[in-house]
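Hi,

Here is the model I promised to pass on, followed by my notes on it. Have a look at the structure, then read on.

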Amino acid sequence: MSGLQCLASENIWFDKHSYDEAEKCFYEGANGPSTQSSSHGGGDQELVSRMKSMEVENHTLHKVVAEMRAALQKLELRVATLEKSPAGVPSPKAVPVNAAPVKQVQNGGDEDFDDDDDMDLFGSDEDDEEAERLKQERLDAYAAKKSKKPALIAKSSLLLDVKPWDDETDMAKLEECVRSVQMDGLLWGASKLVPVGYGIKKLQITCVVEDDKVGTDILEEELTKFEDFIQSVDVAAFNKI
């Protein structure tokens with residue numbers, strides 16, 4: 001048996017794909033396009049919608065950018081104008097200047113000049129005189145107040161040791177001699193006898209002196225003039241008051 005005869009005797013469907021294609025076309029015609037093609041169509045419409053939306057947004061952004069550029073150019077122009085104008089002087093556009101009318105000079109022009117001379121451009125002298133008067137009154141009042149205040153007098157407190165020659169010296173007479181010394185700015189205070197040794201006592205006496213009037217050297221010199229009773233005078237203590 002030949003090969004063709006063998007194939008003819010076999011149950012093989014060589015044209016199955018043709019029948020499958022025909023069946024597919026039949027069902028598509030009856031039920032409409034397939035689900036796959038529908039999904040592709042819907043995706044295309046969504047893509048187109050998104051593209052249109054992006055085009056609208058892009059157009060809006062272009063418009064906003066253009067407006068911002070215009071505003072920036074105006075700002076740069078304004079800054080350049082302000083930099084060119086002198087500092088502290090407003091722009092001529094901002095402050096309009098009205099030209100003053102020109103006064104015609106006639107035969108009476110000299111009288112106009114005289115009137116201008118009478119004008120006080122820098123303030124009246126009377127104001128200066130009044131201010132000077134007030135200043136002087138305040139200075140006088142301060143000086144009077146200061147003069148009424150008692151001046152501070154510098155004083156000192158002294159403790160003097162007045163020593164006799166020996167134990168036979170009359171200490172009462174010695175103290176009388178010390179207190180007999182009187183000077184402006186000198187005030188004697190309390191006194192007492194302090195034993196020194198061998199029956200000898202010294203006179204310890206306090207006094208207050210004004211520093212500008214009485215000095216310790218002068219006071220010692222006056223006290224030692226009583227040489228019959230006083231051997232020496234020493235300053236035991238000195239305190240400022």
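**The helix across the sheet**

Helix α6 (residues 171-179) lies across β1, β2 and β3, and its direction makes an angle of about 15 degrees with β3. Angles run from 0 to 180 degrees between N-to-C directions, with axes as lines fitted to C-alpha atoms, for helices over the stretch in contact. Contact means heavy atoms within 4.5 Å.

Before you dig in: this is a predicted model, where local features need pLDDT of at least 70 and side-chain atom pairs count only at pLDDT 80 or more, while totals for chains, interfaces and linings use all residues. Residues are numbered from 1 along each chain as its sequence is written, and side-chain values use heavy atoms, with hydrogens and water left out.

**The sheet itself**

The sheet is open and has 4 strands in the order β2-β3-β1-β4, with antiparallel pairing. Since β2 (186-197) and β4 (232-240) are the edge strands with a single partner each, one side of each has no neighbour in the sheet. Ignoring direction, neighbouring strands are turned by 20 degrees against each other on average. For pairing, DSSP has to find at least two bridges between two strands.

Strand β1 (residues 155-163) runs antiparallel to β3 (residues 200-210), and 8 bridges join them.

**The core**

The largest nonpolar core has 18 residues, and Val178, Trp188, Leu219 and Leu223 touch the most other members. At least two residues each come from β1, α6, β2, β3 and α7 (216-223), and β3 gives the largest share, 4 residues. By core I mean a set of buried Ala, Val, Leu, Ile, Met, Phe, Trp, Tyr and Cys residues joined through side-chain atoms within 4.5 Å. Buried is under 20% relative accessible area, exposed is over 50%, and partly exposed is in between (1.4 Å probe, protein chains only).

What does Leu219 touch, leaving out residues up to four places away in sequence? The list is Leu158, Leu160, Val181, Met183, Leu186, Trp188 and Cys207.

**A lysine in β3**

Lys202 lies in strand β3. Is Lys202 buried or exposed? It counts as buried, because its relative accessibility is 16%. Its side chain makes a polar contact of 3.2 Å with the side chain of Asp161. The cut-off there is a pair of N or O atoms within 3.5 Å; within protein, one must be able to donate a hydrogen and the other to accept it, and residues adjacent in sequence count only if both atoms are side-chain atoms. Not counting residues up to four places away in sequence, Lys202 touches several others, including Val162, Met171, Leu193 and Val196.

**The loop between β2 and β3**

Tyr198 sits in the loop between β2 and β3 and has a positive phi of about 60 degrees, although it is not a glycine. Most residues other than glycine have a negative phi. At 82% relative accessibility, Tyr198 is exposed. Gly199 is in the loop between β2 and β3 and is exposed at 60%.

**Salt bridges**

There are 10 salt bridges in the structure, each a side-chain nitrogen of Lys or Arg within 4 Å of a carboxyl oxygen of Asp or Glu. One of them joins Arg50 and Glu46 (3.0 Å, N to O). These two are 4 residues apart in helix α3 (residues 35-84), so about one helical turn separates them. Arg50 is exposed at 52%, while Glu46 is partly exposed at 44%.

In helix α5 (residues 125-148), Glu130 and Arg133 are 3 residues apart, about one helical turn, and their side chains meet at 2.4 Å, N to O. Arg133 also forms a salt bridge with Glu137 at 2.5 Å, which links Glu130, Arg133 and Glu137 in a network.

Cheers
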